[in-house]
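Here is a short walk through one protein chain.

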Amino acid sequence: MPAKEILRAIRDAIRAGWNEPPGRTGGRAHIYKKLFCPGGRGCCPPLFINGTPDVAEHEAAKIYKAVAGCPASK
Ligand SMILES: [Zn+2]
């Protein structure tokens, strides 16, 4: 289970309109979740969230930065 900082950042991203694709993320083992921005194609690249980063705060900051930089996010 990822650190609480990361879970909080994910929750905030979802609240801002980012969405999880259905089904399992699969692929790279350290990827905990994949989120798509609300702007659709051509807006932001998908956000790959590492569930077990070296520094949880850095991973959370990456999520917040992506959300803040997305013009379609609420
Ligand atoms: Zn976007």
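Start with helix α2. Its 13 residues should span 18 Å at 1.5 Å a residue, and its end C-alpha atoms are 18 Å apart, so expectation and model agree. The model is a predicted one. Which residues of α2 are buried? They are Glu59, Ala60, Ile63, Ala66 and Val67. Seen down the axis of α2, these buried residues fall within an arc of 120°, so they line one face of the helix. The general rule behind such a pattern is simple. An α-helix has 3.6 residues a turn, so residues three or four places apart point the same way. On the other side of α2, the exposed residues are Glu57, His58, Lys65 and Ala68. The buried residues of α2 pack against α1 (4-15) and β2 (47-50).

Now turn to α1. This helix has 12 residues. From its first C-alpha to its last it reaches 16 Å, close to the 16 Å expected at 1.5 Å a residue. Ile6, Ala9, Ile10 and Ala13 are buried in α1. They cover an arc of only 100° around the axis, which puts them on the same side of α1. The face turned away from that buried side carries Lys4, Arg11 and Arg15, which are exposed. What do the buried residues of α1 pack against? Their partners are β1, β2 and α2. After α1 comes Gly17, with a positive phi near 110°.

The largest nonpolar core has 14 residues. Those with the most contacts inside it are Ala9, Ile10, Ala13, Ile49 and Ile63. At least two residues of this core come from each of α1, β2 and α2. Take Ala13 as an example. Leaving out residues up to four places away in sequence, Ala13 touches Trp18, Leu35, Ile63 and Val67.

Next, a stop in a loop. Gly42 lies between β1 and β2. Is Gly42 buried or exposed? It has 5 C-beta neighbours inside 10 Å, and a residue with 12 or fewer is classed as exposed, so Gly42 counts as exposed. Gly42 and Cys70 are 28 residues apart along the chain, and their C-alpha atoms are separated by 11 Å.

Step back to the whole chain. The protein chain has 2 helices and 2 strands. From the N terminus on, they run α-β-β-α. Along its principal axes, the C-alpha trace spans about 30 × 25 × 15 Å. With 74 residues, a compact globule would have a radius of gyration near 11 Å; the chain has 11 Å, so the two agree. Buried residues make up 20% of the 74 residues. Among contacts with a separation of 6 or more, 48% join residues 24 or more positions apart.

Last, the confidence. The protein chain averages a pLDDT of 92, and 91% of the residues score at least 70. Where is confidence lowest, and where is it highest? It is lowest in strand β1 (residues 31-35), at a mean of 92, and highest in helix α2 (residues 56-68), at 98. One caution applies to any predicted model. Where pLDDT is low, the predicted coordinates should not be read in detail.

Notes
Residues are numbered from 1 along each chain as its sequence is written. This is a predicted model: local features need pLDDT of at least 70, side-chain atom pairs count only at pLDDT 80 or more; totals for chains, interfaces and linings use all residues. pLDDT is the predictor's confidence in each residue, from 0 to 100. Helices (H or I, at least four residues) and strands (E, at least two) are DSSP runs, numbered from the N terminus. The expected span of a helix is 1.5 Å times one less than its number of residues. The arc is that of the directions from the helix axis to the C-beta atoms. Two residues are in contact if their C-beta atoms, placed from the backbone, lie within 7 Å. The radius of gyration is taken over C-alpha atoms; the globule rule is 2.2 Å times the number of residues to the power 0.38. A nonpolar core is a set of buried Ala, Val, Leu, Ile, Met, Phe, Trp, Tyr and Cys residues joined through C-beta atoms within 7 Å.
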